[in-house]
Amino acid sequence: MEKLLIEGGHLLEGTVQISGAKNSAVALIPAAILADSPVTIDNLPDISDVETLAELLEEIGGQTQLTDDTLVIYPEKMFAMPLPNGRVKKLRASYYMMGAMLGKFKKAVIGLPGGCNLGPRPIDQHIKGFEALGAKVTNEHGAIYLQADELVGARIYLDVVSVGATINIMLAAVRAKGRTVIENAAKEPEIIDVATLLSNMGAKIKGAGTNVIRIDGVDELHGCRHSIIPDRIEAGTYMILAAAMGKSVLIDNVIPDHVESLSAKLREMGVMVEEADDQIFIKSQPNLKPVDVKTLVYPGFPTDLQQPFTSFLTKVEGSSMVTDTIYSARYKHIDELRRMGANIKVEGRSALINGGIRLQGAKVRASDLRAGAALVVAGLMAEGVTEITGVEHIDRGYGGLEEKLKGLGAKIWREALNEKELEEIKNS
Ligand code: EPU
(Lines give C-alpha, C1' and ligand atoms only; values in the text may rest on other atoms or scores of the structure.)
Protein backbone atom coordinates (compact mmCIF):
# COMPACT_ATOMS: atom_id res chain seq x y z
CA MET A 1 0.00 0.00 0.00
CA GLU A 2 1.16 3.50 -0.76
CA LYS A 3 0.60 7.09 0.29
CA LEU A 4 0.72 10.27 -1.75
CA LEU A 5 2.87 13.15 -0.52
CA ILE A 6 2.35 16.70 -1.68
CA GLU A 7 4.47 19.72 -0.87
CA GLY A 8 1.96 22.51 -1.17
CA GLY A 9 2.21 26.12 -2.23
CA HIS A 10 3.72 25.75 -5.71
CA LEU A 11 1.90 27.61 -8.47
CA LEU A 12 0.74 25.48 -11.39
CA GLU A 13 1.47 26.33 -14.98
CA GLY A 14 1.26 24.51 -18.30
CA THR A 15 -1.02 22.11 -20.16
CA VAL A 16 -2.82 19.04 -18.86
CA GLN A 17 -4.34 16.34 -21.09
CA ILE A 18 -7.69 14.94 -20.00
CA SER A 19 -8.26 11.19 -20.35
CA GLY A 20 -11.36 9.30 -21.43
CA ALA A 21 -14.32 9.39 -19.05
CA LYS A 22 -14.24 6.86 -16.21
CA ASN A 23 -18.01 6.79 -15.85
CA SER A 24 -18.39 6.02 -19.57
CA ALA A 25 -15.63 3.41 -19.57
CA VAL A 26 -17.17 1.44 -16.71
CA ALA A 27 -20.42 1.10 -18.69
CA LEU A 28 -18.92 0.65 -22.17
CA ILE A 29 -16.78 -2.34 -21.11
CA PRO A 30 -19.77 -4.40 -19.82
CA ALA A 31 -21.81 -3.21 -22.85
CA ALA A 32 -19.42 -5.18 -25.07
CA ILE A 33 -20.86 -8.40 -23.58
CA LEU A 34 -23.96 -7.76 -25.73
CA ALA A 35 -22.03 -8.04 -29.01
CA ASP A 36 -21.38 -11.26 -30.93
CA SER A 37 -18.02 -10.12 -32.35
CA PRO A 38 -15.04 -8.06 -31.03
CA VAL A 39 -15.52 -4.55 -29.66
CA THR A 40 -12.60 -2.10 -29.56
CA ILE A 41 -12.72 0.78 -27.09
CA ASP A 42 -10.21 3.63 -27.52
CA ASN A 43 -9.21 6.53 -25.26
CA LEU A 44 -9.57 4.51 -22.06
CA PRO A 45 -8.36 6.12 -18.86
CA ASP A 46 -5.46 4.38 -17.08
CA ILE A 47 -7.42 3.57 -13.90
CA SER A 48 -7.89 0.49 -11.77
CA ASP A 49 -11.66 0.26 -12.44
CA VAL A 50 -10.90 -0.47 -16.12
CA GLU A 51 -8.53 -3.32 -15.19
CA THR A 52 -11.06 -4.78 -12.74
CA LEU A 53 -13.84 -4.77 -15.35
CA ALA A 54 -11.60 -6.35 -18.01
CA GLU A 55 -10.77 -9.10 -15.47
CA LEU A 56 -14.49 -9.59 -14.80
CA LEU A 57 -15.11 -10.11 -18.53
CA GLU A 58 -12.38 -12.77 -18.52
CA GLU A 59 -14.09 -14.49 -15.57
CA ILE A 60 -17.18 -14.97 -17.74
CA GLY A 61 -15.15 -16.50 -20.58
CA GLY A 62 -14.34 -13.36 -22.60
CA GLN A 63 -10.89 -12.44 -23.83
CA THR A 64 -9.49 -8.95 -23.52
CA GLN A 65 -6.40 -7.23 -24.84
CA LEU A 66 -5.33 -3.93 -23.28
CA THR A 67 -2.66 -1.93 -25.12
CA ASP A 68 -2.00 1.66 -24.05
CA ASP A 69 -5.44 3.25 -24.01
CA THR A 70 -7.19 0.68 -26.21
CA LEU A 71 -9.09 -2.38 -25.02
CA VAL A 72 -10.23 -5.08 -27.44
CA ILE A 73 -12.98 -7.29 -26.03
CA TYR A 74 -13.72 -10.69 -27.59
CA PRO A 75 -17.21 -11.66 -26.40
CA GLU A 76 -17.68 -14.79 -28.55
CA LYS A 77 -17.02 -17.34 -25.76
CA MET A 78 -18.69 -15.50 -22.88
CA PHE A 79 -21.27 -17.39 -20.83
CA ALA A 80 -23.58 -16.64 -17.90
CA MET A 81 -21.05 -17.44 -15.17
CA PRO A 82 -22.47 -16.39 -11.76
CA LEU A 83 -20.40 -13.64 -10.09
CA PRO A 84 -21.75 -13.52 -6.53
CA ASN A 85 -18.45 -12.47 -4.89
CA GLY A 86 -14.90 -11.36 -5.55
CA ARG A 87 -14.04 -8.60 -8.02
CA VAL A 88 -17.66 -7.47 -8.52
CA LYS A 89 -17.56 -6.08 -4.98
CA LYS A 90 -14.60 -3.82 -5.80
CA LEU A 91 -16.51 -1.27 -7.83
CA ARG A 92 -20.05 0.01 -7.95
CA ALA A 93 -20.20 -0.03 -11.73
CA SER A 94 -20.12 -3.84 -11.72
CA TYR A 95 -23.91 -3.39 -11.56
CA TYR A 96 -23.72 -2.86 -15.33
CA MET A 97 -22.85 -6.57 -15.58
CA MET A 98 -26.49 -7.17 -14.53
CA GLY A 99 -28.07 -5.29 -17.46
CA ALA A 100 -25.53 -6.54 -20.00
CA MET A 101 -25.65 -10.22 -18.94
CA LEU A 102 -29.43 -10.16 -18.61
CA GLY A 103 -29.68 -8.61 -22.10
CA LYS A 104 -27.37 -11.23 -23.63
CA PHE A 105 -28.02 -14.45 -21.66
CA LYS A 106 -31.42 -13.69 -20.06
CA LYS A 107 -29.83 -14.50 -16.71
CA ALA A 108 -27.16 -13.24 -14.33
CA VAL A 109 -25.99 -13.53 -10.73
CA ILE A 110 -24.05 -10.49 -9.55
CA GLY A 111 -22.82 -9.68 -6.04
CA LEU A 112 -24.18 -6.41 -4.71
CA PRO A 113 -21.78 -3.72 -5.87
CA GLY A 114 -19.14 -1.96 -3.75
CA GLY A 115 -17.57 1.38 -4.72
CA CYS A 116 -17.50 4.69 -2.90
CA ASN A 117 -19.42 4.91 0.36
CA LEU A 118 -21.45 8.08 -0.12
CA GLY A 119 -24.39 7.16 2.10
CA PRO A 120 -27.34 5.06 0.92
CA ARG A 121 -27.03 4.07 -2.75
CA PRO A 122 -30.04 1.89 -3.58
CA ILE A 123 -30.50 0.14 -6.95
CA ASP A 124 -34.29 -0.16 -6.75
CA GLN A 125 -34.78 1.74 -10.04
CA HIS A 126 -32.44 -0.66 -11.90
CA ILE A 127 -34.49 -3.57 -10.54
CA LYS A 128 -37.79 -1.88 -11.36
CA GLY A 129 -36.59 -1.61 -14.97
CA PHE A 130 -35.39 -5.24 -15.21
CA GLU A 131 -38.72 -6.46 -13.77
CA ALA A 132 -40.71 -4.32 -16.20
CA LEU A 133 -38.82 -6.04 -19.04
CA GLY A 134 -39.94 -9.42 -17.68
CA ALA A 135 -37.06 -10.52 -15.45
CA LYS A 136 -37.54 -12.20 -12.10
CA VAL A 137 -35.19 -10.52 -9.65
CA THR A 138 -34.30 -11.84 -6.18
CA ASN A 139 -31.72 -10.83 -3.63
CA GLU A 140 -30.09 -13.85 -1.97
CA HIS A 141 -27.14 -13.68 0.43
CA GLY A 142 -25.91 -10.33 -0.89
CA ALA A 143 -26.18 -11.22 -4.60
CA ILE A 144 -28.83 -10.25 -7.15
CA TYR A 145 -30.27 -13.17 -9.16
CA LEU A 146 -31.87 -12.21 -12.49
CA GLN A 147 -33.70 -14.59 -14.79
CA ALA A 148 -36.09 -14.14 -17.72
CA ASP A 149 -37.68 -16.54 -20.21
CA GLU A 150 -37.72 -13.62 -22.60
CA LEU A 151 -37.30 -9.86 -22.29
CA VAL A 152 -40.11 -7.76 -23.71
CA GLY A 153 -39.97 -4.00 -24.19
CA ALA A 154 -41.92 -1.89 -21.68
CA ARG A 155 -42.65 1.68 -20.63
CA ILE A 156 -40.55 2.49 -17.55
CA TYR A 157 -40.82 5.70 -15.55
CA LEU A 158 -37.83 6.27 -13.24
CA ASP A 159 -38.97 7.60 -9.85
CA VAL A 160 -35.45 8.97 -9.31
CA VAL A 161 -33.30 10.37 -12.11
CA SER A 162 -30.48 7.82 -12.09
CA VAL A 163 -27.48 7.53 -14.39
CA GLY A 164 -26.90 3.89 -13.44
CA ALA A 165 -30.53 2.82 -13.83
CA THR A 166 -30.88 4.60 -17.21
CA ILE A 167 -27.78 2.86 -18.62
CA ASN A 168 -28.57 -0.52 -17.07
CA ILE A 169 -32.10 -0.53 -18.53
CA MET A 170 -30.70 0.45 -21.94
CA LEU A 171 -28.29 -2.51 -21.73
CA ALA A 172 -31.06 -4.94 -20.84
CA ALA A 173 -33.49 -3.53 -23.44
CA VAL A 174 -31.39 -3.34 -26.62
CA ARG A 175 -31.90 -7.05 -27.37
CA ALA A 176 -35.44 -7.30 -25.89
CA LYS A 177 -38.51 -7.88 -28.06
CA GLY A 178 -40.28 -4.68 -29.11
CA ARG A 179 -40.07 -1.12 -27.83
CA THR A 180 -38.82 0.11 -24.45
CA VAL A 181 -39.43 3.69 -23.37
CA ILE A 182 -37.44 5.07 -20.41
CA GLU A 183 -39.15 8.16 -19.01
CA ASN A 184 -37.51 10.59 -16.59
CA ALA A 185 -34.18 9.25 -17.85
CA ALA A 186 -30.85 10.79 -16.79
CA LYS A 187 -29.24 13.09 -19.37
CA GLU A 188 -25.52 12.87 -18.49
CA PRO A 189 -23.06 12.86 -21.44
CA GLU A 190 -21.95 9.35 -20.43
CA ILE A 191 -25.45 8.09 -21.32
CA ILE A 192 -25.09 9.47 -24.83
CA ASP A 193 -21.65 7.82 -25.05
CA VAL A 194 -23.07 4.41 -24.12
CA ALA A 195 -25.99 4.88 -26.54
CA THR A 196 -23.49 5.77 -29.29
CA LEU A 197 -21.52 2.55 -28.70
CA LEU A 198 -24.70 0.47 -28.64
CA SER A 199 -25.97 2.15 -31.84
CA ASN A 200 -22.63 1.41 -33.54
CA MET A 201 -23.17 -2.21 -32.47
CA GLY A 202 -26.51 -2.17 -34.31
CA ALA A 203 -28.93 -1.14 -31.52
CA LYS A 204 -31.85 1.17 -32.24
CA ILE A 205 -31.88 3.95 -29.62
CA LYS A 206 -33.40 7.41 -29.87
CA GLY A 207 -33.43 10.27 -27.39
CA ALA A 208 -30.27 9.55 -25.34
CA GLY A 209 -29.37 12.85 -23.66
CA THR A 210 -33.05 13.80 -23.26
CA ASN A 211 -35.41 12.64 -20.54
CA VAL A 212 -37.21 10.14 -22.79
CA ILE A 213 -35.21 7.33 -24.40
CA ARG A 214 -36.83 4.97 -26.91
CA ILE A 215 -35.24 1.63 -27.69
CA ASP A 216 -36.43 -0.80 -30.36
CA GLY A 217 -35.00 -4.21 -29.57
CA VAL A 218 -32.90 -6.08 -32.15
CA ASP A 219 -31.98 -9.79 -32.29
CA GLU A 220 -28.24 -9.37 -32.62
CA LEU A 221 -25.50 -6.85 -31.96
CA HIS A 222 -22.10 -6.87 -33.66
CA GLY A 223 -18.68 -5.55 -32.72
CA CYS A 224 -17.46 -2.04 -33.52
CA ARG A 225 -14.80 0.54 -32.61
CA HIS A 226 -15.58 3.39 -30.24
CA SER A 227 -13.58 6.25 -28.71
CA ILE A 228 -14.61 7.42 -25.22
CA ILE A 229 -15.59 11.04 -24.56
CA PRO A 230 -13.26 13.14 -22.36
CA ASP A 231 -13.75 12.83 -18.60
CA ARG A 232 -15.68 15.92 -17.50
CA ILE A 233 -15.03 15.16 -13.82
CA GLU A 234 -11.28 14.80 -14.30
CA ALA A 235 -11.35 18.01 -16.38
CA GLY A 236 -13.39 19.75 -13.66
CA THR A 237 -10.93 18.62 -10.98
CA TYR A 238 -8.01 20.16 -12.91
CA MET A 239 -10.06 23.32 -13.52
CA ILE A 240 -10.58 23.62 -9.76
CA LEU A 241 -6.87 23.03 -9.13
CA ALA A 242 -6.02 25.65 -11.70
CA ALA A 243 -8.45 28.15 -10.16
CA ALA A 244 -6.93 27.47 -6.74
CA MET A 245 -3.24 27.35 -7.61
CA GLY A 246 -2.85 28.11 -11.29
CA LYS A 247 -0.76 30.90 -12.75
CA SER A 248 -2.20 29.81 -16.08
CA VAL A 249 -3.32 26.31 -16.98
CA LEU A 250 -4.62 24.94 -20.28
CA ILE A 251 -6.97 21.97 -19.95
CA ASP A 252 -6.73 20.03 -23.21
CA ASN A 253 -9.13 17.42 -24.64
CA VAL A 254 -12.25 18.59 -22.84
CA ILE A 255 -15.77 19.32 -24.11
CA PRO A 256 -16.38 22.81 -22.62
CA ASP A 257 -20.17 22.37 -22.72
CA HIS A 258 -19.87 19.36 -20.36
CA VAL A 259 -18.33 21.50 -17.60
CA GLU A 260 -20.38 24.65 -18.16
CA SER A 261 -21.90 24.62 -14.65
CA LEU A 262 -18.38 24.70 -13.15
CA SER A 263 -17.07 27.30 -15.62
CA ALA A 264 -20.02 29.56 -14.75
CA LYS A 265 -19.38 29.18 -10.98
CA LEU A 266 -15.66 29.92 -11.39
CA ARG A 267 -16.44 33.02 -13.43
CA GLU A 268 -18.94 34.13 -10.76
CA MET A 269 -16.05 33.94 -8.27
CA GLY A 270 -13.82 36.06 -10.50
CA VAL A 271 -11.62 33.32 -12.03
CA MET A 272 -10.66 33.85 -15.67
CA VAL A 273 -12.08 30.98 -17.76
CA GLU A 274 -11.70 30.99 -21.55
CA GLU A 275 -13.07 28.26 -23.80
CA ALA A 276 -11.94 27.07 -27.24
CA ASP A 277 -13.06 23.99 -29.25
CA ASP A 278 -11.72 21.27 -26.98
CA GLN A 279 -9.69 23.36 -24.53
CA ILE A 280 -10.28 25.51 -21.48
CA PHE A 281 -7.77 28.08 -20.28
CA ILE A 282 -7.84 29.03 -16.59
CA LYS A 283 -6.02 31.82 -14.81
CA SER A 284 -6.53 32.29 -11.11
CA GLN A 285 -7.11 35.82 -9.85
CA PRO A 286 -6.68 37.54 -6.49
CA ASN A 287 -9.72 38.60 -4.39
CA LEU A 288 -12.05 35.78 -5.39
CA LYS A 289 -15.67 36.00 -4.23
CA PRO A 290 -17.32 33.32 -2.08
CA VAL A 291 -20.23 31.42 -3.73
CA ASP A 292 -23.04 29.01 -2.94
CA VAL A 293 -23.21 25.78 -4.92
CA LYS A 294 -25.96 23.18 -5.13
CA THR A 295 -25.30 19.85 -6.84
CA LEU A 296 -27.94 18.73 -9.33
CA VAL A 297 -28.37 16.18 -12.09
CA TYR A 298 -26.77 17.12 -15.43
CA PRO A 299 -26.49 19.86 -16.67
CA GLY A 300 -26.42 21.14 -13.07
CA PHE A 301 -23.29 21.27 -10.92
CA PRO A 302 -22.02 17.65 -10.60
CA THR A 303 -21.95 15.99 -7.19
CA ASP A 304 -18.60 14.45 -8.21
CA LEU A 305 -16.99 17.92 -8.14
CA GLN A 306 -18.57 19.01 -4.87
CA GLN A 307 -15.74 17.62 -2.73
CA PRO A 308 -12.76 19.13 -4.61
CA PHE A 309 -14.69 22.42 -4.94
CA THR A 310 -15.18 22.53 -1.16
CA SER A 311 -11.39 22.34 -0.64
CA PHE A 312 -10.92 25.28 -3.01
CA LEU A 313 -13.55 27.37 -1.17
CA THR A 314 -11.54 27.16 2.11
CA LYS A 315 -9.12 29.60 0.50
CA VAL A 316 -11.75 32.16 -0.55
CA GLU A 317 -12.39 34.95 1.97
CA GLY A 318 -16.01 34.95 3.26
CA SER A 319 -18.77 32.35 3.67
CA SER A 320 -19.64 29.84 0.96
CA MET A 321 -22.23 27.10 1.12
CA VAL A 322 -22.16 23.75 -0.68
CA THR A 323 -25.34 21.64 -0.75
CA ASP A 324 -25.35 18.11 -2.14
CA THR A 325 -28.86 17.19 -3.26
CA ILE A 326 -27.72 13.88 -4.82
CA TYR A 327 -25.87 12.17 -1.94
CA SER A 328 -26.77 12.98 1.66
CA ALA A 329 -23.49 11.86 3.20
CA ARG A 330 -20.83 12.90 0.72
CA TYR A 331 -18.97 14.86 3.38
CA LYS A 332 -16.32 12.44 4.65
CA HIS A 333 -13.57 14.70 3.29
CA ILE A 334 -14.58 17.47 5.64
CA ASP A 335 -13.12 15.96 8.84
CA GLU A 336 -9.84 15.62 6.96
CA LEU A 337 -9.99 19.23 5.72
CA ARG A 338 -10.60 20.30 9.32
CA ARG A 339 -7.38 18.48 10.32
CA MET A 340 -5.67 20.77 7.83
CA GLY A 341 -7.18 23.83 9.53
CA ALA A 342 -10.39 24.37 7.52
CA ASN A 343 -13.38 25.99 9.20
CA ILE A 344 -16.39 24.05 7.85
CA LYS A 345 -19.71 23.20 9.51
CA VAL A 346 -21.93 20.47 8.11
CA GLU A 347 -25.65 20.96 8.66
CA GLY A 348 -27.93 18.38 7.05
CA ARG A 349 -27.06 18.21 3.36
CA SER A 350 -25.04 21.45 3.41
CA ALA A 351 -21.50 22.42 4.29
CA LEU A 352 -20.89 25.99 5.39
CA ILE A 353 -17.34 27.04 4.61
CA ASN A 354 -15.79 29.94 6.44
CA GLY A 355 -13.03 30.69 4.00
CA GLY A 356 -9.91 32.78 3.76
CA ILE A 357 -7.73 30.22 5.52
CA ARG A 358 -4.32 28.88 4.50
CA LEU A 359 -4.55 25.13 5.02
CA GLN A 360 -1.66 23.38 6.76
CA GLY A 361 -0.13 20.12 5.55
CA ALA A 362 -1.27 17.12 7.63
CA LYS A 363 -1.69 13.35 7.58
CA VAL A 364 -5.11 12.68 6.04
CA ARG A 365 -7.05 9.74 4.66
CA ALA A 366 -9.08 9.53 1.43
CA SER A 367 -12.33 7.71 2.24
CA ASP A 368 -13.56 7.64 -1.37
CA LEU A 369 -12.51 8.67 -4.86
CA ARG A 370 -13.60 12.30 -4.93
CA ALA A 371 -12.71 12.80 -1.25
CA GLY A 372 -9.23 11.83 -2.45
CA ALA A 373 -9.41 14.48 -5.19
CA ALA A 374 -10.49 17.01 -2.55
CA LEU A 375 -7.43 16.16 -0.45
CA VAL A 376 -5.11 16.49 -3.46
CA VAL A 377 -6.53 19.99 -4.10
CA ALA A 378 -6.11 20.80 -0.40
CA GLY A 379 -2.55 19.42 -0.32
CA LEU A 380 -1.51 21.52 -3.32
CA MET A 381 -2.89 24.65 -1.62
CA ALA A 382 -1.52 23.91 1.86
CA GLU A 383 1.60 25.13 3.57
CA GLY A 384 4.04 22.24 4.12
CA VAL A 385 3.68 18.57 3.29
CA THR A 386 0.37 16.66 3.18
CA GLU A 387 0.38 12.87 3.38
CA ILE A 388 -2.67 11.15 1.87
CA THR A 389 -3.47 7.49 2.54
CA GLY A 390 -6.35 5.63 0.88
CA VAL A 391 -4.63 6.23 -2.49
CA GLU A 392 -6.32 3.14 -3.90
CA HIS A 393 -9.55 5.16 -4.03
CA ILE A 394 -7.86 7.90 -6.07
CA ASP A 395 -6.35 5.32 -8.44
CA ARG A 396 -9.88 4.12 -9.27
CA GLY A 397 -10.58 7.37 -11.10
CA TYR A 398 -7.53 9.55 -11.87
CA GLY A 399 -5.07 8.03 -14.34
CA GLY A 400 -1.51 9.40 -14.34
CA LEU A 401 -2.30 11.83 -11.52
CA GLU A 402 1.29 12.43 -10.39
CA GLU A 403 2.68 12.75 -13.92
CA LYS A 404 -0.06 15.20 -14.89
CA LEU A 405 0.45 17.30 -11.77
CA LYS A 406 4.25 17.20 -11.99
CA GLY A 407 3.88 18.40 -15.57
CA LEU A 408 2.15 21.49 -14.15
CA GLY A 409 4.95 22.08 -11.63
CA ALA A 410 3.46 20.40 -8.54
CA LYS A 411 5.68 18.62 -6.01
CA ILE A 412 3.94 15.27 -5.58
CA TRP A 413 5.29 11.75 -5.05
CA ARG A 414 4.39 8.30 -3.71
CA GLU A 415 5.93 6.29 -0.89
CA ALA A 416 5.21 2.81 0.42
CA LEU A 417 3.44 2.77 3.78
CA ASN A 418 5.64 1.69 6.69
CA GLU A 419 4.59 -1.04 9.14
CA LYS A 420 3.26 1.41 11.73
CA GLU A 421 1.07 3.12 9.14
CA LEU A 422 -0.22 -0.21 7.84
CA GLU A 423 -1.09 -1.21 11.42
CA GLU A 424 -2.91 2.11 11.99
CA ILE A 425 -5.00 1.56 8.86
CA LYS A 426 -5.82 -2.00 9.91
CA ASN A 427 -7.05 -0.78 13.29
CA SER A 428 -9.01 2.23 11.99
N1 EPU B 1 -30.88 6.26 -6.64
C2 EPU B 1 -31.97 5.61 -6.11
N3 EPU B 1 -32.33 4.39 -6.65
C4 EPU B 1 -31.64 3.83 -7.68
C5 EPU B 1 -30.55 4.50 -8.21
C6 EPU B 1 -30.18 5.72 -7.68
O7 EPU B 1 -32.60 6.08 -5.17
O8 EPU B 1 -32.03 2.73 -8.10
C9 EPU B 1 -30.48 7.58 -6.11
C10 EPU B 1 -29.07 7.55 -5.52
O11 EPU B 1 -29.06 7.12 -4.19
C12 EPU B 1 -28.66 9.00 -5.69
C13 EPU B 1 -29.35 9.42 -6.98
O14 EPU B 1 -30.40 8.48 -7.18
O15 EPU B 1 -29.17 9.77 -4.63
C16 EPU B 1 -28.47 9.45 -8.21
O17 EPU B 1 -27.79 8.22 -8.31
P18 EPU B 1 -27.31 7.63 -9.72
O19 EPU B 1 -27.98 6.31 -9.92
O20 EPU B 1 -27.47 8.65 -10.78
O21 EPU B 1 -25.79 7.37 -9.44
P22 EPU B 1 -24.92 6.20 -9.97
O23 EPU B 1 -25.35 5.84 -11.34
O24 EPU B 1 -24.84 5.10 -8.99
C25 EPU B 1 -23.17 7.68 -11.17
C26 EPU B 1 -21.69 7.85 -11.09
C27 EPU B 1 -21.33 8.56 -9.79
C28 EPU B 1 -22.06 9.89 -9.74
C29 EPU B 1 -23.57 9.68 -9.90
C30 EPU B 1 -24.35 10.97 -9.96
C31 EPU B 1 -20.91 5.91 -12.26
C32 EPU B 1 -20.25 4.60 -12.21
N33 EPU B 1 -21.06 6.55 -11.12
O34 EPU B 1 -23.51 6.87 -10.05
O35 EPU B 1 -19.94 8.80 -9.87
O36 EPU B 1 -21.80 10.50 -8.50
O37 EPU B 1 -23.82 8.95 -11.11
O38 EPU B 1 -23.94 11.74 -11.02
O39 EPU B 1 -21.28 6.39 -13.33
C40 EPU B 1 -17.79 9.15 -9.03
O41 EPU B 1 -17.41 9.19 -10.21
O42 EPU B 1 -17.06 9.47 -8.06
C43 EPU B 1 -19.14 8.70 -8.76
C44 EPU B 1 -19.55 8.33 -7.54
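The legends below describe close-up views of a predicted model of a protein chain with a ligand. Local features require pLDDT of at least 70 and side-chain atom pairs count only at pLDDT 80 or more, whereas totals for chains, interfaces and linings use all residues. Residues are numbered from 1 along each chain as its sequence is written, and side-chain values use heavy atoms, with hydrogens and water left out.

**View 1. Domain 1 and domain 2 of the protein chain.** Domain 1 comprises 2–19 + 230–427 and domain 2 comprises 22–227, with bounds taken from an automatic or database domain assignment. Their C-alpha centres are separated by 30 Å. Each domain supplies 22 residues to the contact (heavy atoms within 4.5 Å).

**View 2. The area buried between domain 1 and domain 2.** The two domains bury about 1,800 Å², of which 51% is on carbon and sulfur atoms; buried area is the accessible area (1.4 Å probe) that two parts lose on being put together, summed over both. On the side of domain 1, Y298, Y327 and R396 lose the most area to domain 2, together 34% of what that side buries.

**View 3. The salt bridge between R396 and D49.** The closest N and O atoms of this pair are 2.9 Å apart. A salt bridge requires a side-chain nitrogen of Lys or Arg within 4 Å of a carboxyl oxygen of Asp or Glu. Two salt bridges are counted between domain 1 and domain 2.

**View 4. The surroundings of the ligand.** The ligand is surrounded by 25 residues (a heavy atom within 4 Å), the closest being Q125, S162, D304, I326 and R370. A backbone N or O atom of I326 lies 2.6 Å from a ligand oxygen atom. A polar backbone atom of G164 is 2.8 Å from an oxygen atom of the ligand. In the side chain of K22, an N or O atom is 3.2 Å from a ligand oxygen atom. The protein covers 89% of the 820 Å² of accessible area that the ligand has on its own (Shrake-Rupley method, 1.4 Å probe).

Note on methods. A polar contact is a pair of N or O atoms within 3.5 Å; within protein, one must be able to donate a hydrogen and the other to accept it, and residues adjacent in sequence count only if both atoms are side-chain atoms.
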